[in-house]
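Dear colleague,

I am passing on the structure below, together with some notes on what came out of going through it. Please read the notes with the coordinates open beside them.

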Amino acid sequence: MHFAYAMPGVHARAMVISLLDRHGGVAAARHSDQVTGIALMTGSAVSAQLGTATAALAFPVLGPVGVVAIRQWVACAVLLGSVRPRFRSFTAAQWRPVLALAVIFAIMNLTLYGAIARIGLGLAMTLEFLGPLSVALLASRRVLDLGCALVAGAAVVVLVRPQPSTDYVGIALALLAASCWAGYILINRVMGRRLPGVQGPAAAATLSALLYVPIGIWALAGHPVTGVALARAAAAGVLCSAVPMVADLLALRRVPARFFGVFMSINPVFAAVAGVVILGQALGLAEWLAIAAIVTANAVSVSTAGRDGLAQASATT
């Protein structure tokens with residue numbers, strides 16, 4: 001009799017252990033996705049800003065339009081050669097985000113490089129950051145996330161403070177690039193659900209490169225092309241387009257669009273560092289304090305989002 005009454009207890013303990021194992025496995029998987037997403041976003045930001053600073057070195061020879069054209073062609077060659085998208089198998093629902101992303105690539109890169117040529121790397125990247133910041137503000141449902149986005153935005157303003165003599169055409173170009181970046185985040189999210197792997201970014205890069213064939217030929221015909229300038233523009237194509245396209249798509253499959261938008265505030269930080277190291281643009285104490293504020297806002301958002309994600313996993317399993 002004692003054995004008979006003990007059996008339900010044994011089964012109950014076994015069920016509890018099984019549930020705990022499953023519970024922990026799901027939570028660990030989600031945590032792993034978040035860590036991978038953060039690593040992908042960081043790599044994307046480093047690559048993009050390093051490539052942008054390198055591209056700026058080619059502006060005096062090729063001009064912003066010429067650099068953008070070469071960047072698009074190189075990104076297309078890299079992605080098309082490695083991914084080989086199956087264009088004929090795309091459905092209408094899949095073509096829509098591809099076409100939208102191709103147009104965004106073409107406009108975003110041209111307006112950003114035009115802004116950099118007029119107002120400099122730091123201010124241009126700072127203003128472009130308003131795009132992902134707006135995504136964070138509009139998508140946020142937590143007061144803490146809203147606070148992090150506002151702190152990061154305020155720090156970005158301090159990082160490169162506009163002066164009365166600022167080139168307003170350059171600012172307008174940077175703001176247009178910002179709106180394109182916001183659209184890039186949202187459309188990439190949709191594309192990640194509709195197309196497997198990196199088929200979508202590769203297809204969009206191909207279409208964008210085709211748009212730049214006549215524009216690039218016209219732009220390069222009026223500039224004395226050199227091997228060094230071509231190499232810099234080609235490096236920008238890999239670092240600014242090919243690497244971030246793939247990394248951002250994979251990251252958006254692992255983290256929410258809101259979190260992606262807040263975390264992308266790290267881009268002005270890397271832009272400032274790239275400006276110092278590559279372009280010789282010195283920063284004052286106020287700028288470095290702003291960088292520290294941006295990094296802190298990101299750290300708070302990352303750490304609390306991670307805990308909330310694990311708590312949500314615990315509540316739903």
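Asp-167 counts as partly exposed, because its relative accessibility is 22%, where partly exposed is the range between buried, under 20% relative accessible area, and exposed, over 50%, with a 1.4 Å probe and protein chains only. Its side chain meets that of Arg-118 in a salt bridge, at 2.8 Å from N to O; the term stands for a side-chain nitrogen of Lys or Arg within 4 Å of a carboxyl oxygen of Asp or Glu. By this rule the count comes to one salt bridge. Asp-167 sits in the loop between α6 (143–159) and α7, whereas Arg-118 belongs to helix α3, so the pair ties together parts that are 49 residues apart in sequence. Arg-118 is likewise partly exposed, at 45% relative accessibility.

Before going further, please note that this is a predicted model, in which local features need pLDDT of at least 70 and side-chain atom pairs count only at pLDDT 80 or more, while totals for chains, interfaces and linings use all residues. Residues are numbered from 1 along each chain as its sequence is written, and side-chain values use heavy atoms, with hydrogens and water left out.

As to the overall fold, the protein has 12 helices and zero strands, where helices (H or I, at least four residues) and strands (E, at least two) are DSSP runs numbered from the N terminus. Of the 317 residues in the protein, 47% are buried.

The structure holds one cavity of 30 Å³ or more, and the volume of the largest cavity is about 280 Å³. A cavity here is a set of points, on a 1 Å grid over the protein atoms alone, where a 1.4 Å probe fits but cannot get out, and its lining residues have an atom within 4 Å of a point; grid points are joined across faces, edges and corners, and the volume is the space filled by probe spheres set on the points. The lining of the largest cavity consists of 21 residues, and Ala-48, Arg-71, Met-108, Cys-240 and Pro-244 are those that lie nearest its centre. The elements that give two or more residues to this lining are α1 (2–56), α3 (92–119), α4 (121–128), α7 (168–194) and α9 (227–252). By class, the lining has 12 nonpolar, six polar and three charged residues, with Ala, Val, Leu, Ile, Met, Phe, Trp, Tyr, Cys and Pro taken as nonpolar, Asp, Glu, Lys and Arg as charged, and the others, Gly among them, as polar.

Some contacts link separate stretches of the chain. Arg-254, in the loop between α9 and α10 (257–263), is partly exposed at 32% relative accessibility, and its C-alpha atom is separated by 5.5 Å from that of Gly-37, 217 residues apart along the chain.

Helix α11 (residues 266–277) gives the largest share of the patch, three residues. Val-276 lies in helix α11 and is partly exposed, with a relative accessible area of 32%.

With best regards

Key. 1 Å grid on protein atoms, 1.4 Å probe; cavity = no way out; pocket = protein on both sides within 12 Å on 5 of 7 lines; lining within 4 Å.
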